[in-house]
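Please keep the structure open while you read.

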Amino acid sequence: MRPAHYLAIAVSLGVIACLYFGGRTTPPVKPGAVPVATGGMVHAHISIDSLREASRAQLPVHARDSIAAIERELEAVTDSVLMAPLMSRLAQIWQEHRELPLAAWYHAEAAKLENSEKKLNFAGQFFLQLMQHAGSHDMQAWEAEQAIDCFQRALRINPDNDTIRLALAAGYIEGTGETMEGVQVLLGITRKDPDHIPANLMLGRLALQSGQLDKAVERYETVLRQEPANTEALYFLAETYKGKGDKEKAIALFEECKKIVNKPEFTRDIDQYINSFK
């Protein structure tokens, strides 16, 4: 196990407790639905109708009956004020029965009807968490696209919410493969606030992964000037110096990180890792 396992190596996007109930996160999709790459982006071909019907088949009879009753109520109204709570009720039922992509979709539909920044962000975060555990590229792309749509709508309401901008960047980078779109979002944050810690951490990771080691050093040092004990920055700055061939500097940073984390298993793995390259 690499030592990084013990670090908080990603920007915190919010914990959604319902994602950890052990529910099925990847309902069956229509056969033949495959991702199509265009210009670096994976476009999902997911039919919400087929997704809903496949998931409906997994429900007990009483849940199917409850959903059918609410759907009949929805058909009878056109006012968004009346539709939104019905969408929320459907979201709750799908969530209770661990059909999480549909729960997220209905949360998003309710949030759009209400035009609520808070609820759009919640739905986007829900999709983003599901995206991390998607069972197929197509499902991952669909969940990422839904998350991105929610975050974009939330930002139209409040353009200054950098937490949502970080989540939007993650959707592009980790979900659709539009890395440069995500980078531009992050750069927009750092142009406004050069010392922004989460954005610099994400940009540092991207620079390290793409071999732009001097840029990675700059990003991590920006973080460490503000937070000298930031273990994520210390660890990946050490990795960066290791990549640059400066083993002595890398080892010193790994040792410093080890002291701060102060966990026997982390110390053991760091020591083994150092011995593997010194």
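1. Start with the helix pair. In this predicted model, Leu100, Pro101, Ala103, Ala104, Trp105, His107, Ala108, Ala111, Lys112 and Glu114 of H4 are in contact with a set of residues in H5. The H5 side of that contact consists of Lys119, Leu120, Phe122, Ala123, Phe126, Phe127 and Leu130. Sorted by class, the H4–H5 contact holds 13 nonpolar residues, 1 polar residue and 3 charged residues.

2. Now the geometry of that pair. Two packed helices are described by the angle between their axes and by the distance between those axes. H4 covers residues 100-114 and H5 covers residues 117-131. Their axes come within 8 Å of each other and cross at roughly 160°. Angles over 145 degrees count as roughly antiparallel, and H4 and H5 are therefore roughly antiparallel to each other. The crossing of H4 and H5 is left-handed.

3. Next, the protein as a whole. The protein has 13 helices and 2 strands. It contains 278 residues, and 49% of them count as buried. The accessible surface is about 13,600 Å². Carbon and sulfur atoms account for 51% of that surface. Take the contacts between residues at least 6 apart in sequence: 57% of these join residues at least 24 apart.

4. Arg52 deserves a look. Is Arg52 buried or exposed? Its relative accessibility is 13%, so Arg52 counts as buried; the cut-off for buried is under 20%. Arg52 sits in helix H1, residues 48-56. Beyond residues up to four places away in sequence, Arg52 touches Glu71, Trp94, Leu102, Trp105 and Tyr106. Take Leu102 from that list: Arg52 and Leu102 are 50 residues apart in sequence, yet their C-alpha atoms are 6.9 Å apart in space. Trp105, which Arg52 touches, is also one of the H4 residues that meet H5.

5. Thr240 is another buried residue to check. Thr240 lies in helix H11, residues 231-244. Its relative accessibility is 0%, so Thr240 counts as buried. Which residues does Thr240 contact, leaving aside its neighbours within four places in sequence? They are Leu208, Leu213, Ala216, Val217 and Tyr220.

6. Check the backbone at Arg98. Arg98 is not a glycine, but it has a positive phi of about 65°. Where is Arg98 found? Arg98 is in the loop between helix H3 (80-96) and H4. At 33% relative accessibility, Arg98 counts as partly exposed.

7. Asn262 is placed in the loop between H12 and helix H13 (264-277). With 61% relative accessibility, Asn262 counts as exposed; the cut-off for exposed is over 50%.

8. Last, Lys249. Lys249 belongs to helix H12, residues 247-261. Its relative accessibility is 35%, so Lys249 counts as partly exposed. How many residues apart in sequence are Lys249 and Leu237? They are 12 residues apart in sequence, and their C-alpha atoms are 9.4 Å apart in space.

Key. Residues numbered from 1 in each chain as written. Predicted model: local features only at pLDDT ≥ 70, side-chain atom pairs only at ≥ 80, totals over all residues. Heavy atoms only, no water. Axes fitted to C-alpha atoms, helices over the stretch in contact; angles between N-to-C directions. Helix = DSSP H or I, 4+ residues; strand = E, 2+ residues; numbered from the N terminus. Parallel < 35°, antiparallel > 145°, perpendicular 65-115°, else oblique. Left-handed = near helix turned anticlockwise from the far one by under 90°. Contact = heavy atoms within 4.5 Å. Nonpolar A, V, L, I, M, F, W, Y, C, P; charged D, E, K, R; others polar. Buried < 20%, exposed > 50% of the residue type's maximum accessible area, 1.4 Å probe, protein only. Areas by Shrake-Rupley, 256 points an atom, 1.4 Å probe, with all protein chains shown as cover.
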